[in-house]
Amino acid sequence: MATIDEVYRASLADPEGYWRSAAEAVDWETAPRTILDASAAPFYRWFPDGELNTAFNCLDRHVAAGRGDQVALVYDSPVTGTIRRYTYAELTDETARLAGALAGLGVGRGDRVLLYMPMVPEAVIGMLACARLGAVHSVVFGGFAPRELAIRIDDATPTVVLTASCGIEGQRVIPYKPLLDEALRLAEHEPRTVVVLQRAQLTAALQAGRDRDWHDLVAAAEPAGCVPVAATDPLYILYTSGTTGRPKGVVRDNGGHAVALQWSMANVYGARPGDVFWAASDVGWVVGHSYIVYAPLLAGCTTILYEGKPVGTPDAGAFWRVIATHGVRILFTAPTAFRAIRKEDPQGRRLADYDLSCFETLFLAGERTDPDTLRFAQDLLGVPVIDHWWQTETGWPIAANCMGLGPLPVKPGSPTRAVPGYDVRVLRENGDQAEPGETGAIVIRLPLPPGALPTLWNDDERYLSSYLEAFPGHYLTGDGGYLDDDGYLFVMGRTDDVINVAGHRLSTGAMEEVLATHPDVAECAVFGVPDELRGEVPLGLVVLKDGVRRPDQEIVDEVIALVRSQIGAVAVFRDARVVPRLPKTRSGKILRGMMRAIVAGDEVVVPSTIEDPAIIDELRRQLR
Ligand code: COA
Ligand code: AMP
């Protein structure tokens, strides 16, 4: 077997040859003859003349190959006391039937369908049904407020919206339908139909003419077949936080995505067909798209859909229960989940109640795995703990310890080395390559491998300006860090206005836009500060307009409520302060990085362009 070094070198020396052979693992309606089209560089397209259907590759082909009776999806919901299993045959049938219902509502190839759903099997079936029809889904995470949802509805212009009456957060039932109704009131675009899954916990009011009951609709539908689409056709749009209030619509194609995800299951995760694979995330995030839904099903694994939390549903042994009950071999979650478990059960006593002999590997991503959390997980579980780094844009890991290609020694704080297909470099501001150990911008030399975003939805211009213009010929990841002498990558954090709160990606720029709408706020800044549980949480500073005489606390409470109502609870915006002024450069740029360093207790680098250095001591007193 080739070593990881040999595989890595081959993937970069001859990308077309490498991915041509990886593409053989996918069933094509028309096999691609051209592997990479670079004629419109820096826009690259993989497998441009290939045709396939992603849902067929996730479902039907496994049934045809004899996996029909294997469990494809386990729905484990401690919040409703439910465990439900779907075999590949059952999941195929349910998907075909919902696809038929959607087709009956006029959804066809290329049409968009937006999903605002909790973690229920119907969300997975909804995504796969779209894929079956060649329609483009856009899933919006349930923790986002109506305004955020409205922005996404207007950008994706869906024909149909799929939703449920409620989500369940721990002990709380969260009505989703009123949030969607409010979003539709705010949005300019009007979807033709809203399909509502009525859950036992809450019945939503339906609007005559527009809203349809999910079960009634599906009961009356005929199953639909798979529609072959071009490999370059979009499979989904997933909005992610950028540096402004306008989210970026990351586009995922069908062909490159299927090839890359299936490759990653075997080579990065070391998963074999039939393995039980659990990504403890949410279908609203990229981890959910890639590793709850598509990749495990492409690879013929059993995937777990868990509607619960690591703690409180009912206790810090929840993850161990799920692993033992369903025979999970590989778990993927965010470090914050392990910090939550450690907080409640520092000795890991709950583990003794379960037999985890099936469990082999833990993968962590979404934020950097700090060495403390790494050691806690290693000591507790006694299995390899693999930090790996990626982002919504790439859809699969950029750097990882590839378990299927021969694991390398772990260096705490590093997601190991670049994954085959990714030519990762660290650059200085002037574009020169940084020395080993020298921090700079982490970039990927073009072309990006299959599966990574080909562009942003309806916005080629923003794709270029956000990712490709900073260092021509390279994709800008937005993360900073360094490579060491052994080629191990250390990802130290974002270099833009994006923060990661409990593994959830959020824009501080979007929060600032909300604060600025408060009538008493003259100026504001939001930046991430370290948090023991969530890794990072936002802190807002506001400068009041002259003449405002109201108590600071009143204004603070109002701006906190404003962010919650405009962006959502998921922002965890719980701390704001009123300050007399903000630190700026002489040209007026607010020095957020400096404020962050002051609060974090890090070394404060004072730029020579600072307007008034006296503000540093002032801020130290105010922010302590
Ligand atoms: N729908 C509605 N509201 C949601 C939601 C959803 N899908 N998801 C989160 N929220 C709400 C929460 O209820 C909470 O509301 P509150 O302010 O009223 O308490 C708020 O958003 C913040 O959520 P979160 O930061 O997740 O806090 P939590 O206390 O519910 O859970 C953790 C904390 C660490 C246990 C949890 O974040 C976690 O398990 N994270 C790691 C796993 C993960 O999902 N990673 C994603 C990428 S891999
Ligand atoms: P998202 O697009 O939500 O997946 O968030 C992507 C961002 O999360 C990256 O750009 C990083 O800033 C951060 N991130 C994800 N995984 C890691 C990791 N393993 N180490 C460091 N940062 C990470």
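Analyst: Helices are DSSP runs (H or I, at least four residues), numbered from the N terminus. Axes are lines fitted to C-alpha atoms over the stretch in contact, and angles run from 0 to 180 degrees between N-to-C directions. This is a predicted model, where local features need pLDDT of at least 70 and side-chain atom pairs count only at pLDDT 80 or more. Residues are numbered from 1 along each chain, and side-chain values leave out hydrogens and water.

User: What makes helix 17 oblique to helix 18?

Analyst: Helix 17 (residues 592-600) and helix 18 (residues 615-623) pack at about 50 degrees, axes 10 Å apart. Under 35 degrees is roughly parallel, over 145 roughly antiparallel, 65 to 115 roughly perpendicular and the rest oblique, so that angle makes helix 17 oblique to helix 18.

User: Which residues of helix 17 and helix 18 make the contact?

Analyst: Contact means heavy atoms within 4.5 Å. Helix 17 brings Met594, Met595, Ile598 and Val599, and helix 18 brings Ile616, Leu619, Arg620 and Leu623. By class, that's seven nonpolar, no polar and one charged. Ala, Val, Leu, Ile, Met, Phe, Trp, Tyr, Cys and Pro count as nonpolar, Asp, Glu, Lys and Arg as charged, and the others, Gly among them, as polar.

User: Why is helix 12 called roughly perpendicular to helix 13?

Analyst: Helix 12 (residues 335-344) packs on helix 13 (residues 371-381) at about 65 degrees, axes 10 Å apart; therefore helix 12 is roughly perpendicular to helix 13.

User: How many charged residues are in the contact of helix 12 with helix 13?

Analyst: Three, alongside five nonpolar and one polar.

Notes: Chains lettered and ligands numbered in written order. Helix = DSSP H or I, 4+ residues; strand = E, 2+ residues; numbered from the N terminus.
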